[in-house]
Amino acid sequence: MTSGKVIRVATRGSQLALTQTGHVIHALSQAFPELVFQTVVVKTTGDTMQSGILKADSATKNIFTHEIENTLLHEEADMAVHSCKDLGVQMPSGLVLAGAPPRRSPWDVLVMKPGVSLETDGLKILSGSIRRRLQWQEAHPTHEVLPIRGNIDTRIRKLQEHVEASALVLAQAGLDRLAPELGNCVIQTLGKAEMIPAPGQGALALQCRESDDELLHLIGSISDYPTVQSIQAERAFLAAMNAGCQEPLGALATPESGGTLKMSAVYYFDDDPRSSQRAEVTGSLDRPEEIAQKLALEFER
């Protein structure tokens with residue numbers, strides 16, 4: 001590419017999105033110091049919903065990505081950085097998931113007020129996710145999960161201000177990237193037995209136009225192959241289950257030694273913690289779609 005050429009990078013305007021995009025731009029700048037990378041901030045439907053202007057049920061698909069993808073389609077930006085779990089399985093024609101940097105932790109964590117014991121009946125836990133609510137209530141049937149919206153700092157503040165709430169479920173990757181002020185709260189990581197994460201959680205998805213060979217090369221140079229294969233498996237599983245990012249479904253593909261990929265999933269057939277089905281399969285790291293199809297066959301729908 002020509003020295004001094006400007007590459008426009010689209011992103012949401014939240015603190016987390018800007019931080020994530022900053023990491024990607026730093027990696028690209030290190031690899032291609034002759035290029036200039038410019039952030040293009042896009043307000044999405046999901047951002048409007050979190051601010052309370054729209055009701056949460058006014059949109060369910062691609063609410064954090066649609067407007068960003070339009071900037072690529074209209075050539076108002078050259079590439080985009082998404083939280084992978086927000087990116088819809090069905091991508092607009094002409095766009096492609098071009099790569100992903102190394103994945104951060106995919107796990108969820110519990111942010112707890114001091115002195116809280118999970119053995120206590122009737123605890124109130126905050127979460128805005130159906131997947132998290134159902135998994136938590138399956139493991140802790142006497143607890144109540146209350147809805148919450150907002151960015152990470154807002155959710156932590158709401159936990160601290162909520163007189164009755166004892167804890168909040170968040171993605172560990174977001175906490176790691178932002179390092180927000182937690183006050184005297186305690187962090188507990190939730191493992192696979194307690195909370196299978198959302199497909200793509202902890203990973204970033206780098207998107208560009210399918211015809212842009214130069215951008216495909218740039219993005220490919222900072223991509224991590226095991227991460228790309230893992231998120232491709234998780235996204236293919238979503239597609240095989242005909243599910244979207246709002247579905248009560250968790251899936252995690254984990255690269256293992258010997259070029260294998262282990263994939264675990266949970267699905268709730270209705271809004272009932274007792275309706276869950278779980279499965280796990282292993283296959284070749286080089287064949288993520290095949291693993292996803294094999295796992296989907298384990299679920300009776």
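These legends walk through a few close-ups of a predicted model.

**View 1. Here is the five-stranded sheet.** Five strands sit side by side in the order β2-β1-β3-β10-β4, making an open sheet with mixed pairing. β2 (36–41) and β4 (95–99) are the edge strands, and each has a single partner, so one side of each is left without a neighbour in the sheet. On average, neighbouring strands here are turned by 35 degrees against each other, ignoring direction.

**View 2. Now for β3 and β10, with a helix packed on their sheet.** β3 and β10 (residues 204–209) pair up in the antiparallel sense, over 5 bridges. Look for His-82, which stands opposite Ala-205 in β10. Helix α3 (residues 66–73) packs on this sheet and touches β1 (6–11), β3, β4 and β10. The direction of α3 makes about 165 degrees with that of β3.

**View 3. This one looks into a cavity.** The structure holds 1 cavity of 30 Å³ or more, and the volume of the largest cavity is about 80 Å³. Which elements each supply at least two residues of its lining? They are α1 (15–31) and β3 (79–83). His-82, the residue opposite Ala-205, is part of the lining. Other names to look for include Arg-12, Gln-20, Phe-64, Ile-68 and Asp-86. Sorted by class, the lining has 4 nonpolar, 6 polar and 2 charged residues.

**View 4. Next up is the three-stranded sheet.** Its strands run in the order β11-β12-β13, forming an open sheet with antiparallel pairing. β11 (249–256) and β13 are at the edges, each pairing on one side only. From one strand to the next, the twist averages 10 degrees. β11 and β12 pair over 8 bridges, and Glu-256 stands opposite Thr-260 in β12.

**View 5. Two helices meet the three-stranded sheet.** α4 packs on the sheet, with contacts to β11, β12 and β13. The direction of α4 makes about 85 degrees with that of β12. Helix α8 (residues 225–240) lies across β11 and β12, and runs at about 150 degrees to β11.

**View 6. We finish on a salt bridge.** Of the 15 salt bridges in the structure, this view picks out the one where the side chains of Asp-271 and Arg-133 meet, at 2.7 Å from N to O. Where in the chain do Asp-271 and Arg-133 sit? Asp-271 is in the loop between β12 (260–268) and β13 (276–284), while Arg-133 belongs to helix α4 (residues 130–139). The pair links distant parts of the chain, 138 residues apart.

Technical notes. Residues are numbered from 1 along each chain as its sequence is written. This is a predicted model: local features need pLDDT of at least 70, side-chain atom pairs count only at pLDDT 80 or more; totals for chains, interfaces and linings use all residues. Side-chain values use heavy atoms; hydrogens and water are left out. On a 1 Å grid over the protein atoms alone, a cavity is a set of points where a 1.4 Å probe fits but cannot get out, and a pocket is an open set with protein on both sides within 12 Å along at least five of seven lines; lining residues have an atom within 4 Å of a point. Grid points are joined across faces, edges and corners, and a volume is the space filled by probe spheres set on the points. Helices (H or I, at least four residues) and strands (E, at least two) are DSSP runs, numbered from the N terminus. Ala, Val, Leu, Ile, Met, Phe, Trp, Tyr, Cys and Pro count as nonpolar, Asp, Glu, Lys and Arg as charged, and the others, Gly among them, as polar. Two strands pair if DSSP finds at least two bridges between them. Axes are lines fitted to C-alpha atoms, for helices over the stretch in contact, and angles run from 0 to 180 degrees between N-to-C directions. Contact means heavy atoms within 4.5 Å. A salt bridge is a side-chain nitrogen of Lys or Arg within 4 Å of a carboxyl oxygen of Asp or Glu.
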